[in-house]
Amino acid sequence: MSRGELSAWYQPQIELRTGKVAAVEALCRWHSPAWGPVSPDVFIPVAEDTGVIVAIGYHMAAEALTVMREWRIEVSVNVSPTQLQNSAFTLWLERQLGRVRRPDRRLGLEITESVDLGPVPAMVARLNRLRALGVGIAIDDYGAGHASLTQLKRLHATELKIDRALIADDSAQGEQLVAAAVAHAHALGARVVAEGIETADHLQRATRLGCDRGQGYFIGRPMPPAQIAQLLTTPRQGSAQSRTLRFRA
Ligand code: G
Ligand code: MN
């Protein structure tokens with residue numbers, strides 16, 4: 001971190017009905033001069049164990065807030081439950097948001113229960129304050145690990161992200177699980193994002209099962225900020241067209 005080797009890359013998310021780019025997720029990337037690119041699957045668990053994840057969380061949120069000023073789009077960041085165990089981070093975010101808040105530039109927090117959530121009522125109160133400022137709260141990696149529909153309700157989340165393992169599962173049971181999660185989320189007024197869309201089949205299935213948004217390599221890989229800026233650039237024809245990727249199912 002101190003050598004500036006961590007950076008934020010961004011992966012587009014589309015509205016499945018229209019193909020329009022609706023949001024981007026900020027993803028932490030480590031380019032080590034010694035080892036080359038190091039996978040987040042390797043360094044994030046170590047950062048969780050050592051507590052460095054909190055510093056990474058501030059770094060990524062600061063990056064997201066910076067690009068939000070430029071890009072008129074929703075930007076989401078991944079937040080470890082560790083980061084939400086006291087009020088320092090959420091209070092900092094509240095202060096930062098005062099500078100960028102606009103209806104078209106929302107910030108989203110994606111929470112994975114990779115470690116125990118800790119005392120939930122206090123966390124819910126902190127998240128409520130952010131939600132009142134227009135911040136989205138997503139339950140990440142549903143269908144893998146510990147994420148549950150109970151959590152969706154407990155945290156008053158605004159979004160459920162379905163893990164790529166479930167999106168890739170083409171069995172009848174897999175489809176039933178996705179359909180049930182979609183029904184449950186929609187009943188709570190939450191949006192559903194299908195993660196890990198890698199093929200036209202995944203895209204078609206996610207759409208058919210009622211997911212609202214899609215994200216994955218088939219739609220767009222995580223890319224450096226300059227490339228996202230290019231994707232979002234408005235040519236003469238107008239913004240609606242330029243932001244639409246040709247991926248309607
Ligand atoms: O836990 P979370 O869902 O935030 O993890 C996102 C990770 O998944 C990122 O590291 C990102 O690069 C990766 N990813 C994004 N899209 C795809 C995809 O279509 N397939 C696979 N295998 N990984 C993906
Ligand atoms: Mn995520």
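Ala165 is partly exposed, with a relative accessible area of 48%; the label covers values between buried, under 20%, and exposed, over 50%, taken with a 1.4 Å probe on protein chains only. Ala165 belongs to helix α6, residues 164–168. Helices (H or I, at least four residues) and strands (E, at least two) are DSSP runs, numbered from the N terminus. Between the C-alpha atoms of Ala165 and Gly143 there are 7.3 Å, and the two residues are 22 apart along the chain.

The model is predicted, with local features requiring pLDDT of at least 70 and side-chain atom pairs pLDDT 80 or more, while totals for chains, interfaces and linings use all residues. Residues are numbered from 1 along each chain as its sequence is written, chains are lettered from A and ligands numbered from 1 in the order in which they are written, and side-chain values use heavy atoms, without hydrogens and water.

The metal site comes next. The manganese ion (ligand 2) is coordinated by Glu25 (OE), Asn78 (OD1), Glu110 (OE) and Asp140 (OD), at 2.1 to 2.3 Å. Donors are N, O and S atoms within 2.8 Å of the metal (3.2 Å for Na, K and Ca); water is not among the atoms, so sites may look incomplete. Along the sequence, the donor residues of the manganese ion follow the spacing E-x52-N-x31-E-x29-D. Glu25 lies in strand β2 (residues 21–32) and Asn78 in strand β4 (residues 74–79), so this pair ties together parts that are 53 residues apart in sequence. Glu25 counts as buried at 4% relative accessibility, whereas Asn78 counts as partly exposed at 31%.

Asp140, another of the donors, lies in strand β6. Asp140 is buried, with a relative accessible area of 4%. From Asp140 to Pro121 the C-alpha distance is 20 Å, and the two are 19 residues apart in sequence.

An N or O atom in the side chain of Asp140 is 3.1 Å from an oxygen atom of ligand 1. For Arg164, the corresponding side-chain N or O atom is 3.2 Å from an oxygen atom of ligand 1, and a polar side-chain atom of Arg29 lies 2.6 Å from an oxygen atom of ligand 1. Taken alone, ligand 1 exposes 530 Å², of which the protein buries 81%; accessible areas come from the Shrake-Rupley method with a 1.4 Å probe, and for residues only the protein chains shown count as cover.

Which residues come nearest to ligand 1? Of the 16 residues around ligand 1, they are Gln11, Arg29, Glu195, Glu198 and Tyr217. A residue is near a molecule or strand if one of its heavy atoms lies within 4 Å of it. Strands β2 and β6 (136–142) each supply at least two residues of the shell around ligand 1, and β2 gives the most, with three residues.

Two residues remain, picked out by their backbone angle. Most residues other than glycine have a negative phi. Asp141 is not a glycine, yet its phi is positive, about 60°. Asp141 is found in strand β6 and is partly exposed, with a relative accessible area of 21%. His156, also not a glycine, has a positive phi of about 50°. His156 lies in the loop between α5 (149–154) and β7 (159–162), and at 41% relative accessibility His156 counts as partly exposed.

Terms used. Polar contact = N/O pair within 3.5 Å; in protein donor to acceptor, adjacent residues only side chain to side chain.
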